[in-house]
Amino acid sequence: MQIVKVKICGITCLDDARQAMELGADLLGFNFYQKSPRYLSITQAAEIADQLPAYVQLAGIFVNAEQDYIRQAVRACHLEWVQLHGDEDPAFCESLRSDSVKVIKALRVKDREDINRAQLYTTDAILLDAYHPESYGGTGLAFDWELIDHSPSRIFLAGGINPDNAAQAAELGVYGIDICSGVEASPGKKDHEKLKTLFENIRHLRG
């Protein structure tokens with residue numbers, strides 16, 4: 001059984017980034033969607049990224065962004081992953097894979113048909129999040145995890161994951177779990193005690 005990756009998303013300050021990294025996060029996520037309460041400009045994210053060790057994998061979250069903007073963020077913030085959380089089609093996702101970054105396509109799940117859409121994408125990973133009619137993520141809602149079956153794609157599971165259910169999420173056999181609001185004190189600000197509890201509760205699954 002592979003060791004599940006942990007992605008802490010919605011990082012907005014260096015202190016939270018360092019805390020998540022020191023506790024064992026594999027990926028840290030910056031949100032470049034301007035309508036998000038966790039939004040960072042490229043300049044703000046770059047200031048944090050420049051102060052982190054080179055081994056920390058960084059992801060950028062984008063919603064229907066222009067390719068030039070995505071590439072600018074990749075260069076300035078040393079991103080290794082690009083997460084496309086909007087209505088991007090398979091061709092758009094494919095066009096970024098040649099840019100020496102890994103691409104995650106986020107799919108908002110209502111039913112199994114939404115999960116089956118993963119087959120349309122040739123991205124490096126798929127992120128499954130809860131569907132919300134007015135939001136592209138970060139709602140703290142979960143979908144029915146029993147809908148997940150064994151997929152050939154690397155799956156990140158998101159939506160409603162918190163310290164209490166993180167172990168259950170990790171035990172589903174997914175590639176990674178993505179946590180944002182479940183370890184926050186307020187939107188964009190992490191609760192360090194919740195972060196500690198999260199990693200303590202999944203320690204037995206991480207070797």
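1. Let me start with the helices: α2 and α3 cross in a right-handed sense. (A crossing is right-handed if the near helix is turned clockwise from the far one by less than a right angle, and left-handed if anticlockwise.) Helix α2 covers residues 42–49 and helix α3 residues 67–77, and their axes come within 9 Å and cross at roughly 25 degrees. That angle makes α2 roughly parallel to α3. The contact involves I42, A45, A46 and A49 from α2, and Y69, Q72, A73, A76 and C77 from α3.

2. Before you go further, a word on the source: this is a predicted model, in which local features need pLDDT of at least 70 and side-chain atom pairs count only at pLDDT 80 or more, while totals for chains, interfaces and linings use all residues. Residues are numbered from 1 along each chain as its sequence is written, and side-chain values use heavy atoms, with hydrogens and water left out.

3. Some terms for the helix points. Helices (H or I, at least four residues) and strands (E, at least two) are DSSP runs, numbered from the N terminus. Axes are lines fitted to C-alpha atoms, for helices over the stretch in contact, and angles run from 0 to 180 degrees between N-to-C directions. Angles under 35 degrees count as roughly parallel, over 145 as roughly antiparallel, 65 to 115 as roughly perpendicular and the rest as oblique. Contact means heavy atoms within 4.5 Å.

4. Now for the other helix pair. The axes of α1 and α7 come within 10 Å, crossing at roughly 20 degrees, and therefore α1 and α7 are roughly parallel to each other. Their crossing is right-handed. On the α1 side the contact uses D15, D16, Q19, A20 and L23, and on the α7 side H192, L195, K196 and F199.

5. D16 deserves a look of its own. This aspartate sits in helix α1 and counts as buried, at 0% relative accessibility. (Buried means under 20% relative accessible area, exposed over 50%, partly exposed in between, with a 1.4 Å probe and protein chains only.) Leaving aside residues up to four places away in sequence, D16 touches I11, G188, K189, K190 and H192.

6. On to charges. How many salt bridges does a search of the whole structure find? The search turns up eight, a salt bridge being a side-chain nitrogen of Lys or Arg within 4 Å of a carboxyl oxygen of Asp or Glu. One of them joins D178 and K7, at 2.4 Å from N to O. D178 belongs to strand β8 (residues 176–179) and K7 to strand β1 (residues 5–8), so this pair ties together parts that are 171 residues apart in sequence. D178 is buried, with a relative accessible area of 8%, and K7 is buried too, at 0%.

7. D26 and R206 make another salt bridge, with their closest N and O atoms 2.8 Å apart. Here again distant parts of the chain are linked: D26 is in the loop between α1 (14–23) and β2 (27–31), R206 is in the segment after α7 (192–201), and the two are 180 residues apart. D26 is partly exposed, at 23% relative accessibility.

8. E184 and K190 also pair up, with 3.6 Å from N to O, and both residues are buried. Together with R38, E184 and K190 are linked in a network of salt bridges.

9. If you were wondering about cysteines, the structure holds zero disulfides, a disulfide being a pair of cysteine sulfur atoms within 2.5 Å. C77 is in no disulfide either, as the nearest cysteine sulfur, that of C9, is 13 Å away. C9 is buried at 7% relative accessibility, and C77 is buried at 0%.

10. Last, some backbone angles to check. Most residues other than glycine have a negative phi. N64 has a phi near 55 degrees, a positive value in a residue other than glycine; N64 lies in the loop between β3 (57–62) and α3 and is partly exposed at 40%. H78 has a positive phi of about 60 degrees, though not a glycine. H78 is in the loop between α3 and β4 (81–84) and is partly exposed, with a relative accessible area of 45%.
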